[in-house]
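Dear colleague,

I am passing on the structure below, together with some notes on how its elements are arranged. Please read the notes with the structure open beside them.

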Amino acid sequence: MTVDTATVLAGPPAAAALIASAAGQAAHLPVVPHLVIVRVGEDPASVSYVRGKAKKAGDSGLRSTVHALSETTPQSDLLSLVASLNSDPDVHGILVQLPLPGHIAEAAVLAAIDPDKDVDGLHPMNIGQLWSGRPTLAPCTPAGVMALLAHYGIPVAGRRVVIVGRSQLVGRPLAGLFLAADATVTVTHSRTRDLGTVTREADILVAAVGRAHLITPDMVRPGAVVIDVGINRVVGEDGKARLTGDVHPDVATVASALTPVPGGVGPMTVAQLLANTVQAARQQLSQTSGVPGDLVR
Ligand SMILES: Nc1nc2c(c(=O)[nH]1)N[C@@H](CN(C=O)c1ccc(C(=O)N[C@@H](CCC(=O)O)C(=O)O)cc1)CN2
């Protein structure tokens with residue numbers, strides 16, 4: 001008996017194409033787009049993600065600066081730094097790495113970032129624009145998922161999309177982007193009853209909940225496209241730590257296409273950040289010097 005296996009939707013080629021397009025746009029600007037990343041504390045995953053973002057920015061011809069603040073930084077100091085970056089015309093994009101330490105109110109910090117420089121797309125104004133179906137700086141992982149689907153020629157309009165997870169960073173904004181792309185969208189969460197019945201409806205199923213192997217083959221309609229946003233660190237039988245997604249590997253026998261973890265959506269997050277930084281720089285230049293900034297998206 002032969003078992004069909006899903007096409008692998010690899011992130012790196014799609015990310016490379018997105019970065020090449022952004023770098024091409026940046027090359028025509030009179031300034032080098034400048035991304036500033038603020039990290040608070042020493043969470044190992046955040047340290048690694050921020051290092052990766054800064055390196056990719058440099059490799060792609062963008063300028064980047066990292067502010068690494070101590071775990072005990074008062075919220076008022078972080079807000080002062082954000083205010084100074086907001087008013088610095090040399091800075092085009094600002095990203096505050098999440099999660100922040102518990103004593104800092106994430107929402108207050110995100111709302112303090114100038115919406116024009118909010119390359120994370122998490123300012124309430126940008127979220128509102130997104131939900132209004134207007135072009136805006138969109139959160140990097142959700143926008144990266146849309147770019148990945150576009151790269152592989154997977155149509156979205158008119159298709160049934162089920163998103164498992166309703167986080168601010170992924171599930172909610174991704175629902176807005178799919179809706180803007182004319183999909184029929186369902187968002188499920190921890191209180192959803194009979195999850196499998198809902199997920200089996202999906203033409204495109206997105207798992208973004210942070211629970212290793214939650215999505216099993218019986219929860220997937222044969223032929224569905226499955227996007228795995230989960231990044232879970234688990235210890236294997238050999239005692240070694242490794243990354244795995246929210247989707248069980250056996251789903252590959254049911255789905256028509258599937259993103260791997262690692263090497264799927266993750267690289268798109270970083271690529272989209274660079275694309276957003278170039279978009280923000282173009283937009284700011286169009287406001288100050290008449291360089292067209294409305295060509296992106
Ligand atoms: N301010 C933000 N904070 C966080 C965001 C965000 O978009 N904005 N997202 C996540 C983490 N994240 C970026 O910050 C991120 C996650 C994963 C990857 C990635 O490339 N993953 C690789 C595997 C990497 C590894 O080996 O650890 C992959 O999936 O192939 C990049 C960025 C939380 N915080």
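Which residue in β6 is the bridge partner of Val-164? The partner is Thr-188. Please bear in mind that this is a predicted model, in which local features need pLDDT of at least 70 and side-chain atom pairs count only at pLDDT 80 or more, while totals for chains, interfaces and linings use all residues. Residues are numbered from 1 along each chain as its sequence is written.

Strands β5 (residues 160-164) and β6 (residues 184-188) pair in the parallel sense over five bridges, where pairing requires that DSSP finds at least two bridges between two strands, and where helices (H or I, at least four residues) and strands (E, at least two) are DSSP runs numbered from the N terminus.

An open sheet of three strands, with parallel pairing, has the order β3-β2-β4. Because β3 (63-69) and β4 (93-96) stand at the edges, each with a single partner strand, one side of each is left without a neighbour in the sheet. Strand β2 (residues 34-40) pairs with β4 in the parallel sense over four bridges, and Val-38 stands opposite Val-96 in β4.

Helix α1 (residues 11-27) packs with helix α9 (residues 265-289) at an angle of about 10 degrees, their axes being 8 Å apart (axes are lines fitted to C-alpha atoms, for helices over the stretch in contact, and angles run from 0 to 180 degrees between N-to-C directions; residues are in contact if their C-beta atoms, placed from the backbone, lie within 7 Å).

Best regards
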